[in-house]
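Please report on the charged pairs and the surface of this protein.

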Amino acid sequence: MARRNLNDLMAFVTVAREGSFTRAAATLGVTQSALSQTIRGLEEHLQIRLLTRTTRSVSPTPAGERLMQAIGHRFDDIEAELDALTAPVSYTHLTLPTTP
């Protein structure tokens, strides 16, 4: 899968979890407009509406909820593994006595 598609899916997961384009954009470090265009492009590519938008909130459609159930936890797993790989390694120092 192309990197862009993974980024688009991560954007979708973030919007669905946050329930807001504004909060999701802040979390992802992008503008609300760019995020909205990303989601719109993903929906067009998949040819299905993933989010229901109102003036006050955003929520997944049944298809969006299905996609969230399928991929949401996988992004969590990837993030947890990356955190584990980059965590500082703790070494225990062992001092042994020597005999003259």
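Asp-76 is partly exposed, at 36% relative accessible area. Here buried means under 20% relative accessible area, exposed means over 50%, and partly exposed lies in between (1.4 Å probe, protein chains only). The side chain of Asp-76 meets that of Arg-17 in a salt bridge, 2.9 Å from N to O. This pair links distant parts of the chain: Asp-76 sits in helix α4 and Arg-17 in helix α1 (residues 3-18), 59 residues apart. Helices (H or I, at least four residues) and strands (E, at least two) are DSSP runs, numbered from the N terminus. Arg-17 is partly exposed too, at 41%.

The model is predicted: local features need pLDDT of at least 70, side-chain atom pairs count only at pLDDT 80 or more, and totals for chains, interfaces and linings use all residues. Residues are numbered from 1 along each chain as its sequence is written, and side-chain values use heavy atoms, leaving out hydrogens and water.

A salt bridge puts a side-chain nitrogen of Lys or Arg within 4 Å of a carboxyl oxygen of Asp or Glu. The whole structure has 4 of them. Two involve Glu-43:

| Pair | N to O distance |
|---|---|
| Glu-43 and Arg-49 | 3.5 Å |
| Glu-43 and Arg-53 | 2.9 Å |

Glu-43 lies in helix α3 (residues 32-46) and Arg-53 in strand β1 (residues 51-53), so their pair ties together parts 10 residues apart in sequence. Glu-43, Arg-49 and Arg-53 form a network of salt bridges. Glu-43 is buried, at 6% relative accessible area, whereas Arg-53 is partly exposed, at 31%.
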